[in-house]
Amino acid sequence: LINKFRIDISSYWHNDFYLKYDFSLNDQTKLEVKTTSNSTRIHRVNHEQVFTNNNVILSSVMIRKDDSGLTVFDLFENVKTLFTNDYNKIVKYEKMLRKIDEEEAERFELNYANDNIKMYKVAFIPKFEMKEPEGVYRTEYDIDLSNIESLTDDEISIFFNEAIKND
């Protein structure tokens, strides 16, 4: 988003990994990021993330393994400067990374991922159009976004600019 739209949402990234969405831009506007290494745009979602009255965008990123690509450690080094004003967040993510064996970390092709990002309004993606029945919790299912129209660059820009403006 920074390179393409000149929009920095890094400060809206969740502080608690148990929150429902990856980014909370304001009370009603959220962003959830999903990745897949499949050849099709299929993602596992939590029903509560997609059946909502909130204004939610689902970002779908297709990734591809590459022996000469970047690891999660490399990516963190690349984005760490975004958090220079939030030392606690840097420490938190560094603690998470310590749980990963650096020698075992898979490598992915960054250019492929950047070229294969699409965003969708959750209101228009396939999902069960009902609340979870009483006694049913944490329902998850796979959704296929291959035939769903993604947002245009203009729609993405407007979405994020309005969300941040209304923060």
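Colleague: What should I know about the model and its numbering?

Modeller: Residues are numbered from 1 along each chain as its sequence is written. The model is predicted, local features need pLDDT of at least 70, side-chain atom pairs count only at pLDDT 80 or more, and totals for chains, interfaces and linings use all residues, while side-chain values use heavy atoms, with hydrogens and water left out.

Colleague: Is Ser-10 buried or exposed?

Modeller: Ser-10 sits in the loop between helix H1 (2-5) and strand S1 (23-24). Helices (H or I, at least four residues) and strands (E, at least two) are DSSP runs, numbered from the N terminus. Buried means under 20% relative accessible area, exposed over 50%, partly exposed in between (1.4 Å probe, protein chains only). Ser-10 has 9% relative accessibility, so it counts as buried.

Colleague: Which residues is Ser-10 in contact with, leaving aside neighbours within four places in sequence?

Modeller: Contact means heavy atoms within 4.5 Å. With those neighbours left aside, the partners of Ser-10 are Leu-82, Phe-83 and Lys-89.

Colleague: How do the lining residues of the second largest pocket divide?

Modeller: A pocket is an open set of points on a 1 Å grid over the protein atoms alone, where a 1.4 Å probe fits, with protein on both sides within 12 Å along at least five of seven lines; lining residues have an atom within 4 Å of a point. The lining includes Lys-20, His-47, Phe-51 and Tyr-137. Ala, Val, Leu, Ile, Met, Phe, Trp, Tyr, Cys and Pro count as nonpolar, Asp, Glu, Lys and Arg as charged, and the others, Gly among them, as polar. The lining comes to four nonpolar, three polar and five charged.

Colleague: How many residues apart in sequence are the parts tied together by Glu-140 and Arg-44?

Modeller: Their side chains form a salt bridge (4.0 Å, N to O), a term for a side-chain nitrogen of Lys or Arg within 4 Å of a carboxyl oxygen of Asp or Glu. Glu-140 lies in strand S7 (residues 140-144) and Arg-44 in strand S3 (residues 42-46), so the parts tied together are 96 residues apart.

Colleague: Which residue forms a salt bridge with Asp-74?

Modeller: Asp-74 is partly exposed, because its relative accessibility is 28%. The closest N and O atoms of the pair are 3.4 Å apart. The partner of Asp-74 is Arg-107.

Colleague: How many salt bridges does the structure hold?

Modeller: Another pair is Arg-64 with Glu-109 (3.1 Å, N to O). Arg-44, Glu-140 and Asp-142 are linked in a network. The structure's total is nine.
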